[in-house]
Each structure stands twice: as structure tokens, then as C-alpha cells.
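I opened my notebook to jot down a few things to look up. Have a look along with me.

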Amino acid sequence: MSRTRTLLQVLPDIPPAASGLGWVVEGVATAMRARGWRVEQVTATDLWPGGRGRTYLAVPFGLAHRAHRAAQRLSRAGPCLVECHGFWGGLATANLRARRIPNVVTLFRCHGFWRAAVALAAADDGGGAPPSALRTFKSELTYGSMERLGVRLSDAVVVQNSSDARFAELVDGVPPSRLRVLAPGIAVPSPQRFEPGGETVRVL
């Protein structure tokens, strides 16, 4: 009996195809389907109707729970590669690591400079109040901490380009040996290392 290989994409919602994250998500999904992989997505869209307050805080926890249940179900049929994104996926990655589900491998995709842009934009997000460096600090303290959690506990770490790789190395402390530059949808035999040299390692 043949085993099914599945890519599970863990997302807070389905991003527009024209957005940066949408391009990443769709590019990866298309490339994996072309290789014969089954692709599923798990979201927490219904958990954050207002996007603020307690419903907003519930998103990463609800997403982690749903990712665990989906990975457990899919791994019964064969290898399951779970792709988690940015700060949303940090908690999901930690939860999967703690569960140690057989046949499940976690792939964490960093969004370094996008995270930095969110932190900088937070300075002006004061409802008419003057710009505040404190809001930027709080944004990075929250989102940055969750992303670093995903980086530390995932089986593999990937980024879209060399700039994000440099950010992950300098800000999050990811060793270059753990980083893979893997542009979405690029059909190559194996991902390239951040620094040249050495043998590349495939997740599955």
C-alpha cells in the first residue's frame, strides 16, 4: 500500500494571492503538488472576527490546536511536512515539537524584514497619538518572541531570500548551518544553503 506524502500549511487565514505572503503560500503549494504531494491548509479565520482583544490573542492558540489535530490525522497515511509561518506559527511549532508525532516534520518559514516592518508601523498605530518607540518595542517583544520560538523548535528553517536569512542570523540567532534559502515555487532538486559550501540536507 502506497503512503501519502502531505504538506500541511498552517496559516491564520488564507492570504490574497496578490499579497507577499499569498505569493509564498501559493508558490510552495503549487510546487509540492507538482511533485505529487497532497497539500492541505489549516486556518483560524473564524477565531478572530474583530481582529482585536481576546479574539486576536486566541488565534495562535487555536491555530496550534488545529495544526496538532490535522498533523496527527494526516501522519497516519504517511509522512507529513508541516509548514508554519512567522509569529503565527511559533506556538504551533512548539506544540508539535512537544507532541512528538511520528511521521511529522516541522518546517518554519521566517519573515524577518516583514516582521521588522510590522514593528516599525506599530509606532504610528496609536489612534492619532504621537509615534511611540514603545509600541515598536512591544510589537517585536510579542511577535519576535513567538517567531524565535518557532526557529528554535522546528526541524528546519527556511527563508525567501538572503536578506531574510541575514536577519534570522543576526536578530534571531539562527546558525547559518540551519538556514535554507528556498524561494517559493522554485523547482530545484534541493534547497541551497545560506552560506556556500557543504552538503545540502533535504527534510523528507
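Where is the place of R100? I found R100 in the loop between α3 (86–99) and β4 (104–109). I kept in mind that this is a predicted model.

I checked the backbone of R100 and noted a positive phi of about 55°, although R100 is not a glycine. I then looked up how open R100 is: its relative accessible area is 58%, so R100 is exposed, since the cut-off for that word is over 50%.

The loop between α3 and β4 also holds N103. I noted a positive phi of about 75° for N103, which is not a glycine either. Is N103 exposed or partly exposed? I read a relative accessibility of 34%, so N103 counts as partly exposed.

**Entry on the cores.** The largest nonpolar core has 31 residues, and I marked L8, V10, A71, V82, C110 and L179 as the members that touch the most others. Which helix gives the most to this core? I found that helix α2 (residues 53–75) does, with seven residues.

Setting aside neighbours within four places in sequence, I listed L8, V10, A71, L96, V104, V105, T106 and L107 as the contacts of V82.

I also wrote down a second, separate core, which has 11 residues, including V28, A29, V105 and A156.

Methods: Residues numbered from 1 in each chain as written. Predicted model: local features only at pLDDT ≥ 70, side-chain atom pairs only at ≥ 80, totals over all residues. Heavy atoms only, no water. Core = buried A, V, L, I, M, F, W, Y, C linked by side-chain atoms within 4.5 Å. Buried < 20%, exposed > 50% of the residue type's maximum accessible area, 1.4 Å probe, protein only. Helix = DSSP H or I, 4+ residues; strand = E, 2+ residues; numbered from the N terminus. Contact = heavy atoms within 4.5 Å.
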